[in-house]
Amino acid sequence: MSPPSTPQTRVCLDGNEAVARIAHRLSEVIAIYPITPASSMGELADTWSAAGRPNLWGQVPEVIEMQSEAGAAGVLHGALLKGALATSFTASQGLLLMLPNMFKIAGELTPAVLHVAARTVATHALSIFGDHSDVMAARTTGWAMLASSSVQEAHDLALVAHAATLASRVPFLHFFDGFRTSHEVATIEALTDEDLGALIDDDLIRAHRHRGLTPDRPTLRGSAQNPDVFFQAREACNPYYDAVPDAVRAAMEQLGERTGRRYGLVDYAGARDAERVLVVMGSGAGAAAEAVETLTGRGERVGLLTVRLYRPFPSEAFAAALPSTVRRVAVLDRTKEPGAPGEPLYLDVVSALAERAAVTGTAMPRVVGGRYGLSSKEFTPAMAAAVLTALAAPEPRTAFTVGITDDVTHRSLRVDDSFRPAVPDRLQAIFWGLGSDGTVSANKTAVKILGEGTGRHAQGYFVYDSKKAGSVTESHLRISAEPIRSTYLIDGADFIACHQFGLLDRIDVLRRARHGATVLLNSPWSAEEVWDRLPAQLQHDIITKDLRLWVIDAHAVARDVGLGRRINTVMQPCFFALSGVMPADDAVAALKSWVSATFAKRGEEVVRRNHAALDAAIAQLRRVDVAAARAAGVAAAPRSAVVPSQAPDFVQRVTARILAGEGDLLPVSAMPVDGGFPTATARWEKRTLAPEIPIWDSSICIDCAKCAIVCPHAAIRFSVFDPGQLAGAPEDFPSKPHKSRDLPGTRVSVQVAPEDCTGCGLCVEACPAHDKTQVKRKSLNMEPIGEHLQRERERFDFFQTITGVDRRDVAPDSIIGSQLRTPLFEFSGACAGCGETPYLKLLSQLLGDRLLVANATGCSSIYGGNLPTTPWAVDAAGRGPAWANSLFEDNAEFGLGIRLAADQLNARAQQLLQRLAPAVGVRLATEILAPPVPGTPASGDRAVADQRERVARLKAALAALPPDGDVRELLEIADELVRRSVWIIGGDGWAYDIGSGGLDHVLASGHDVNVLVLDTEVYSNTGGQASKATPRGAVAKFAAHGKATSKKDIGLITMSYGNVYVAHIAIGSNERQTIKAMLEAEAYPGPSLVVAYSTCIAHGFDMTQSMGHMQDAVKSGHWPLYRYHPDEAIPFQLDSKAPSMPLADFAASEARFAMLRRSDPVEFARLMAVAEEDGRARWHYYEALATVDRSAPQLPPPPGLLTHPDGARAATSEES
Amino acid sequence: MDLTTRYLGLDLRTPLVASSCPLTGRLRHLQRLEDAGISAVVLPSLFEEQLVHDSLQVHGVWEETGGVGAEATSYFPDSQDVQIGARDHLALVSAAKDALSIPVIASLNGVTPGGWASHARALAAAGADAIELNMYAMASDPTVPGGDLETRQLDLIGEVRDAVAVPLAVKLGPFYSSLAHFAVQVVEAGADGLVLFNRFYQPDLDLDAKAVVPRLVLSTPEEMRLPLRWVGLLFSQIDANLALTTGVHSGMDAAKALLAGADVTMMASALLLNGPEHVRQVEQELVELLTQHGYDSVTQLRGSYSRVSMPDPVGWERANYLHVLASWAPFQAVGAAQAYRSVSDHAVQ
C-alpha cells in the first residue's frame, strides 16, 4: 500500500489513498480516529510515518490516534495554534464530534485541512455509506468547503485545499463521496513533490508559524467576550472569507498550468445554449455528465453545472457560469433536511440566482430542488436524464426525489430504465466472491496491472453485503482507452465471474450480463458435468443471452499447489485470458512479477506457490459446450420463495425482498416510518454457508452442553425434555437418556441448525467426549453438509417444537442449566467463530425475556442490527430482548436513560397500584408491591415468572373495573411492575476510548445498570486499529511497531469506586464463572461491569481454536479471571490460578504479537519481558486485593434502590 | 596433553564440540561455552519446514483477514518490516561468528530440493565455517522403497555440495538397511564428515489432551553405545571425518568415542543438564584419563579401538551380544535374577 519511492505519475489507487498521499506530504501533525469510510486515510498516513516516510520538508509527520474524533479535533486545534501544519480525516458522526473545535479553529482564522469521506449521519438508522448529510451539518462552522467528484479530483483538490487554506487563513473541509470516491480504485495522474512544492508557498507557512503560540511573543487566544464586542469581533474576519474564492481559483489555475487538469470554483459542461441545467456536487457529477453528454448528442439543450467550492458559496462564479439561455435549473442535493424549504445546495443556488436577477434586472430561471443518492443509493445517468426530462414539464416538480419509488408522498420522479449513456467502448466485468476469498484483492491487483502498465484507464468498485461471516462481494471493473467517469455500478457486463459455486443458488449472478458475454465459474464440476448442476434460471440466461461459459476448478488448483482455500491467483489469469484484455502469456508474466514484488516479504515459498497457481490456472480452463442444451431449450424456473410462507407478514413483504437483493425496488410505503423493526428475523434468513456441519453421535455424548454454550451462532442447541415430547419425531431422531438425578427420566438432544451453522467447528473443538475406540471421533463430528442437510433440516424443525423442561425447575448457574434456556440471540452474521457472540447468546438465555439492551456502535451493533435481519429473537411467549443502538460514544448514558425511564414507569405503576389496591384486591397489590426478598433477585427466573403471573391477574382485575384514567393508565404500564434488566453492551473501542467518560460517569452514578464489555482488545469493526485495550506488544493499526504501553485495567479502575460489581470473564476458560458473573451482575442492585475476553479474527489465529486461546490467555496471566462483589466482606475473588504459562508462549500463537517478532525481534523480546512483568505485578496486586476487607464503612445504598413500595423516592443529588 | 584434532578441515583445540541444541541458539550461552573451552559449536538447525510453515501462516493471516467487509478491508498494518524467512537465523550465525573465535558450524534441515541449496548458500554467506546437513526422512509411506529415499537424500547432498564451498557434514539417523554402504555414498556425494547419529524426537501420548505430543528426553550415557558401535565400524572405511553424538556426558564417554574412531565428540544433553561450564569438567576428565593411560595426544588414541584396530573385529558386530551374556554374573540379587531370566528368555527366542 505504500506509494513507490520514485515519482510515478500514472497510478491506480482509491480515493482515500489519493487524498492521503497529499495530506501526509503536507502535514506535520496528523490526529485521527477511525471511522468508515475515512479510516484508511489515517491508516495509510500511520503506515507511512511508521515506515519513516517524510513529508515535503523531509520530516516524518507525527500521526496520533485519539480516543475519539472530538479528541482528534482537540489535538488538531492545539497543533494548529502552536503553528504546525496539521490535518485529520473523518466522516459522519466523527465530523459531528469535531464541530465544536471546528468553530474555534475557523474563528481563530487558522489554516487547516480536514479531509472528509462524506458519509450518512445516523438518523432512523446508522449507515456507513455515502451522502452529504455530515458535511452539510458542518456548513455553519466557518470552514471553507471544497467538493471533489472523482478520485483524480480528490487528489488534485486535496492539494488545492492545502494551498488555499494557507493563502486565505480560512480552514478547509475537503470532501468527496464515501465509498463511491473513497473506495473506488481508479487510474489517476499523481502529483509529484515538485507539484506540491510549487503550490505551497513557504512564506505562508512561515507566517502561520509566526502566528503560533510562543512565550517569546506571548498572546492570548480564546478569550471570553461580552455583548459589547463579540459581534464586532465576529465580523472582523469578513475580508478573509471574501478572499477565499480567489485563493482557491489561484491554486486551481496554478495546478492547471502544471498538470493540464483545469478546475473552476464551479464548472459548466453541456450545450452553450442550454435551457435546462442540472446542478450537482460530488461523485454524482460523473453519472450526470454522461447523461448530459448523451442528451446534447441528441440535440437537447441541456447542461451540467458542477459545484466544487461550496463554502464560501461562489454566487458570482455560479451565476456567471450558467449560460444566459438557461430557463430552468434542477439542483440535486445528496442530503435531506426535513422541514426546510429545500436542501442546502438548492437554497444556495436560489439565493445566488435571485441575487443576480435582482442586480441585473434579468429574469430568474425557474429553480427546483431534489434529493438523490442518500446512503450511496445508486445514481445513474438514467436518473440524471429523468431529472432533466422532468425539468421540461410545464410545471416542473420541486422537492422531488430520484432513484426510489415514493408511493406515500409521491415525490419521486419516474426513471426511464432503458436510457443508456453513450460511452466509449470499454470492457466491463463483474466478479462475485466471498469476503475472505481474495476476489476483491485480486481485482484491485487487476486494476493496478491494467491501469498502470498498459496505458489504459481502469476503475474498480467493490460492493459488500452486511454480513461478517460469508459476506458476498461484487467487484465491478471497467477498462477503457478513455478516462472513466462512470460513478455507478455496471449494468451490462462483458465478463462475469463467479468465484464461489455455492452463490449460484442464492444470487442471480448473470442479471447484469450483456448479450454474448463471457461467464467464468469456479466449479467443482467438470466442463462435461457442470451444466446439469446449474440452477434453471442460470441455464435460461446462458441460452437466451447467448453467453459463453467457461469453468475451472480453482479450489482444486489452489489445493494442488498448496494455497489452501485461496483461489485469487487461480481466477485472475483466467479473467485476463478470457476477457481478451491482455494476451494470456503477457497476463501471466505481469501477474507473476506482481506476485514476486508483493509477496516477496512473505517468503519464497509463497511466491513459488502463487506462481505455480498462475501457471496451472490457464491449463485447467475449460469451455462448456452448451450446444445440446441450447437445442433442447431451457425454461426459466420460477424463483422459489426466499422465506417460507409461515414467516410473519413484515418478513414476507419487506425482509424477503431485501434478502433477494431487491431492496432497491421497495417503495417508501414498505418502510417503517421511525426505524423500528421487528426482531426474531435472522431465523428466516437461511444462508447455508457451511461446507461441513457438526453431526451428533448420541452414543458418545456426556450431556455437558459445552457445544451449545460455545456456539457463536446458536446453531447447536441442547434440550432436556420429557420422553413424551418425542411423539411425532422424524424417524431416527436422535436422543438419549439424560444423566441427571435432578431430572430423572428425561432425555437429551443436541441438534444442529444446518442452514444457520457457519461451520466454524468450535463445538467440535469444545466437545470433550471421545469415542473410546477411536480418539479422533467425538460426540460431534464435522461432516459434509450435502450428506446431512435434508435430514438435519427436518430434525431441527422438529427439535424446535420440543418443549423442554421448565426453566424454573433448573437453576441457570451451570452450563447445562444455562443451555436449557432458549437462545434469544441466534444466527447472527458475525464472523465464523466470533468470540463475542457466545456471551450475547448466553445473556439472552439467562435474561432474554426481561432484557433491554443499549448497544454501542461496533461489531455487535452490525451483526446485531444490520438489515436485512436481526439475531435478537423472541421466546414462545413472544418476549425477548428489546434492542437499541444510539451512537458509538454515548452508549452508557443512553442505557442509563433507559434504566431511569424503566424505573420511573415502574414507580408510576406502583403508585397507581397503591391507589387502586382496594379495587384490585389488597392482597394481590401487596404481593406485587412487596420488595424482593434479599438474595432472591427481582429479575430471577422464578421471581419474574411469579410476578408476571400476578400482573396477569392484576390486568384481569383492572379489565373488570370501570375504565377511568388510573385504570387505563395502569393497564397500559402494568407490565413495568416486572423488573427490567438493562444491559449496556459494546466493545473496547467504546468502553475504553470513545465512551470512556460517559461509562465512568454511569458506573459512578450508582444506578442499577449492567455493562458488558466485549473486549477484543482492538477496534474490530473498523479493521484492527489499536484501542486502549490493546495489550503491550500487540501489533495493530496505529501500533505497527507493537503497542508500547500496557492495556488499561478498566476493571481495577472501576473497582476503586467500591460500589460497582466488576467481573473479568473468559467463556472459553471458565464457563461457569462466566454464567455466575452475569447472574451476579444482574442480581447486584447497583452498577455492574463485566469485561469479557473476546477472541477476534483481528488476533490472527485459526478461529476454530478460539476456546483454547481463551484458556491460554488465562493460563498465561494475560487475562486473569475475577469477580469483585461489593456486598461481600472480602469483595475481590480471584477465579483463575496463578500464571502457569509464559506470556511469550501465548503471544507466539497469535499473529497480532507474532507480527512484531518477525518485524522487530529485539523490540518484541523487550515488550514481552515488560508485559511479563506487568502480568506478574498485576497478579501479585490482585492476590493482595483478594485479602482486603472493604465491607466497612457501610456504603450508602445506590439510588436505584431508593424506590420503595409506597412510591416515595429518596432525594438524590447528581449535581457536583 | 595434545588434545588438538581436525574436523571438516577445521583445526580444533580439543575434540569437544557442542552439538545443535537450544544452548547454541543464544549468544550468551555460546559465549559461556567458548569460555568453558568448547572447541566448536553447531548452531540449532534452520528448519526449512518451519520457515515454509511460517511463511504460509503469515500469508494466510494477511490474505484471509483482508477484504472481509465494507468497513474492515484489512485487520493488520501492512508493515514493510515483517520478515519471513531465515533472517533471524542468519543473524544468529553472523552474530556467533562475530562473537566467537572458535569455528561456528551451521545446521540445516531442509524439505525441498531447491530449499536445501539456497538456505545452505545463505548460511555460508552469513559466515558459517561449515554446514551440517540434518537428514530426516520418516520411511512411513509403504509405497516408497528404501532405495528411493536414499537416492533422494544423496541427490540433496550433491546439490548442497555444488552450491557451497564450505565443508559439509551430514548428520544421519541410524535407520538405513545398509548403513555402511550408504555412508560411503554420502561421502561420495560430497560429505566431508558424518555425524552419528541424529537423535530424533520420538512422539509421546498425552491421555489428558488426547493427543500425540512431542516430548524432549535428554540422552543418557547408555545411549552412546549405538553411535559408538558405528563409529568403530566405519572408522578408516570411509574417507571422511566422524563425529560421535548422543550420550556423551563425561570425559570417559569422550575418550571412548575417540578410541572408537571419532574425530570429535558432540554434546548437548550433558550441557543442557549441567550448564555450559560442564565442558571444562569433561575436558579435565579426558586429560586425566588419557594421562592415566599414558596417551600423549588425541591423534594417538583416535581409532585405536576401532574395528580395524582390534584383534577380534567381530567383537564390534554380532558376537558382542554373546559377550554380554557370558560376562553376566548370575544370581547376584533378586532384581538381577529377574533381569537375567528376561534376558535369557529373549535370547532363547
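**Ground rules.** The model is predicted, so I take local features only at pLDDT of at least 70 and side-chain atom pairs only at pLDDT 80 or more, while totals for chains, interfaces and linings use all residues. Residues count from 1 along each chain as its sequence is written, chains are lettered from A and ligands numbered from 1 in written order, and side-chain values use heavy atoms, without hydrogens and water.

Entry 1: I looked up strand 20 of chain A, residues 513-522. Strands are DSSP runs of E, at least two residues; helices are runs of H or I, at least four; both are numbered from the N terminus. Seven of the 10 residues in strand 20 are buried (under 20% relative accessible area, 1.4 Å probe, protein chains only; exposed is over 50%, partly exposed in between). I then checked its partners, where pairing needs at least two DSSP bridges. Strand 19 (residues 493-498) of chain A runs parallel to strand 20, with five bridges. A:Ala493 sits opposite A:Ala513 there. Strand 21 (residues 548-552) of chain A also pairs with strand 20 in the parallel sense, over five bridges. Here A:Leu521 faces A:Val551. From strand 20 the chain passes through helix 18 (residues 536-544) to strand 21, a right-handed β-α-β crossover (clockwise from first strand over helix to second, strands pointing away from the viewer).

**Entry 2: two helices.** I looked up helix 12 (residues 284-297) and helix 15 (residues 381-391) of chain A; their axes lie 8 Å apart at about 60 degrees. Axes are lines fitted to C-alpha atoms, for helices over the stretch in contact, and angles run from 0 to 180 degrees between N-to-C directions. That makes helix 12 oblique to helix 15 (under 35 degrees is roughly parallel, over 145 roughly antiparallel, 65 to 115 roughly perpendicular, the rest oblique). Contact (heavy atoms within 4.5 Å) involves residues including A:Ala288 and A:Leu295 of helix 12 and A:Ala384 and A:Leu388 of helix 15.

**Entry 3: A:Val331.** I found A:Val331 in strand 13 (residues 328-333) of chain A. A:Val331 has 0% relative accessibility, so it counts as buried. Its C-alpha is 6.2 Å from that of A:Val368, 37 residues apart along the chain. Leaving out residues up to four places away in sequence, A:Val331 touches, among them, A:Val279, A:Leu345 and A:Tyr346.

**Entry 4: an open sheet.** I traced seven strands of chain A in the order 3-2-4-5-7-6-12, with mixed pairing. Strand 3 (62-65) and strand 12 (309-311) are the edges; each has a single partner strand, so one side of each lacks a neighbour in the sheet.
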